[in-house]
Structures are given as C-alpha cells and as structure tokens.
Amino acid sequence: MRDSYVVNTGYSDPVSNDPVGMADKIVRFLTYHPEIKFDTIVSGGMSGMLVAPIVAAIMGKHMAGVRKPSEKANSHARRLVQGTIGKRWIMIDDIVASGS
C-alpha cells in the first residue's frame with residue numbers, strides 16, 4: 001500500500017510540488033537586490049502561504065499572513081493579520097494564479 005499520493009492540480013504544481021525550490025528562487029532574487037529593504041514577509045493566497053514561511057525562515061525575517069475581510073467569515077481565525085509584522089514588508093501573494 002502506498003503511503004502518499006501526488007495530487008496534480010495544474011496551475012499550482014510548481015509551488016505545491018516544490019515550495020522549497022520556489023522559496024530558494026525568491027531568496028536569491030531578494031539577496032541579489034539589496035536595495036529592497038524589508039523586515040517582514042507578508043503572505044496572502046494559498047500558494048504564497050506555502051512559500052512565505054520558508055523565505056522568512058531562511059532570511060531571518062518576521063512573517064505574517066493576511067486575509068481579505070471577505071475571507072474572515074470562512075476562517076478559524078478572528079484576525080485579518082496573524083504573525084509578526086514590522087515596519088517595512090514585502091508581500092508574497094499567490095505565486096501562481098488561475099486567472100479568476
């Protein structure tokens with residue numbers, strides 16, 4: 001019996017199948033551009049939430065997840081922002097999108 005299954009969803013496969021690889025690309029980009037100053041990685045969207053904590057951990061930055069007010073009703077959380085947010089941040093939103 002198999003102990004795991006790969007579920008291919010199509011457009012999100014590059015992120016869901018290799019979030020560490022995608023995080024590495026983002027870290028390399030940000031490291032190559034030291035003029036981009038930030039202390040926090042903020043994420044919204046499912047594919048962004050797969051990668052943002054990895055980027056924050058590698059770079060030693062704060063991490064916060066955000067959601068739209070319309071998503072609050074469908075969430076276990078009572079807050080629109082969870083985590084630690086500093087003064088200057090960049091957002092990793094949906095890295096891939098369906099276009100809808």
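Residues are numbered from 1 along the chain as its sequence is written. The model is predicted, so local features need pLDDT of at least 70, side-chain atom pairs count only at pLDDT 80 or more, and totals for chains use all residues.

**Whole chain.** Start with everything shown. The chain has 3 helices and 4 strands. Helices (H or I, at least four residues) and strands (E, at least two) are DSSP runs, numbered from the N terminus. Their order from that end is α-α-β-α-β-β-β. Of the 100 residues, 26% count as buried (under 20% relative accessible area, 1.4 Å probe, protein chains only).

**Select 46-59.** This is H3, with 14 residues. Go to Ala 52. H3 bends there by about 25 degrees, and Pro 53 follows within four residues (the bend is the angle between axes fitted to the seven residues ending there and the seven starting there). Buried residues of H3 include Val 51, Ala 52 and Val 55. Step past the helix to Gly 60, which has a positive phi of about 70 degrees.

Now show the side chains. In H2, Ile 26 and Leu 30 are among the residues that meet H3, where Ile 54 and Ile 58 are among the partners (contact means heavy atoms within 4.5 Å).

Definitions and conventions. Side-chain values use heavy atoms; hydrogens and water are left out. The expected span of a helix is 1.5 Å times one less than its number of residues. Buried means under 20% relative accessible area, exposed over 50%, partly exposed in between (1.4 Å probe, protein chains only).
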